[in-house]
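Student: Hey, can you walk me through this one? I'm new to it.

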Amino acid sequence: MQSTPRTHVSLGEGIALGLIATGAVSVGVAALVAIVQRAIVLFGETPTIAMPVTGGDVEGLDGVADVTAAVYTSADVTFTTVPTGVGWLLLLEGALPALATIGVCAIAWWLGVSLIRAKPFRASMPAAIGIAACLVIAGGLGQLAGAWGRAMLVEQLAATDEAVTDVFWTFLLQLDLAPVGWGFALALVAMAFEIGTRLQRETEGLV
């Protein structure tokens, strides 16, 4: 006897997919709130910014058992104000990764809803995943925006007191290529969905 193919998900699968979609929305909202909070801090009064410093010994750990060395490499510095250009660059440093998170969460929600409806290969899915891939890659570039903004800030401080260059790095970029790699992986997933969508259309045309 030939079994009838199932055209809907089971109750357990639906609950799991619903929880995943709900979690994705919650994380996306949290990322959006983080962008707003960062903007309030940077453009408000006396913003505090994490600045990379040339470092020094953490004297409080001298003599602690099993600790051979300890140094600090950054300091939270409070400024009276920051130039608008610097503020926007530092905002981009956090906003671009947050936007990437929002994009990925939106895709997770949309894919979860599509799976609940047993229609994962929608025509809009490849384009949506491709946009998320671009956002993830752009999120990795936020590191460059932050390094550039801090370099501008150090340059401004050095104009009034050159001694700050002995404390702050003139330019320091600690590059993490992981977001770029994840972006390319998402682009590959977008291609897979594009092929899947085309094959689904061709299969439906044969029925």
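This is a predicted model: local features need pLDDT of at least 70, side-chain atom pairs count only at pLDDT 80 or more; totals for chains, interfaces and linings use all residues.

Student: How many residues does α2 have, and what should they span?

Tutor: α2 has 33 residues, and at 1.5 Å a residue they should span 48 Å. Its end C-alpha atoms are 46 Å apart, so that agrees.

Student: Where does α2 bend?

Tutor: At Glu-93, by about 30°. A proline, Pro-97, follows within four residues.

Student: OK, new topic. At what angle do α2 and α4 pack?

Tutor: α2 (residues 84-116) and α4 (residues 142-160) pack at about 155°, with their axes 7 Å apart. Angles over 145 degrees count as roughly antiparallel, so that is what α2 is to α4.

Student: Which residues of α2 make that contact?

Tutor: Val-86, Leu-89, Leu-90, Leu-92, Glu-93 and Leu-96. On the α4 side, the residues include Trp-148, Arg-150 and Met-152. Glu-93 is also where α2 bends.

Student: What kinds of residues are in the contact of α2 with α4?

Tutor: They divide into nine nonpolar, three polar and two charged.

Student: And what about α2 and α3, how do their axes cross?

Tutor: They cross at roughly 160° and come within 7 Å, so these two helices are roughly antiparallel to each other. α2 passes α3 in a left-handed crossing.

Student: Which residues meet there?

Tutor: Among them are Leu-96, Pro-97 and Trp-110 in α2, and Met-125, Ile-129 and Val-136 in α3. The residues of this contact divide into 15 nonpolar, three polar and no charged.

Terms used
Residues are numbered from 1 along each chain as its sequence is written. Side-chain values use heavy atoms; hydrogens and water are left out. Axes are lines fitted to C-alpha atoms, for helices over the stretch in contact, and angles run from 0 to 180 degrees between N-to-C directions. Angles under 35 degrees count as roughly parallel, over 145 as roughly antiparallel, 65 to 115 as roughly perpendicular and the rest as oblique. Contact means heavy atoms within 4.5 Å. Ala, Val, Leu, Ile, Met, Phe, Trp, Tyr, Cys and Pro count as nonpolar, Asp, Glu, Lys and Arg as charged, and the others, Gly among them, as polar. The expected span of a helix is 1.5 Å times one less than its number of residues. The bend at a residue is the angle between axes fitted to the seven residues ending there and the seven starting there. A crossing is left-handed if the near helix is turned anticlockwise from the far one by less than a right angle, and right-handed if clockwise.
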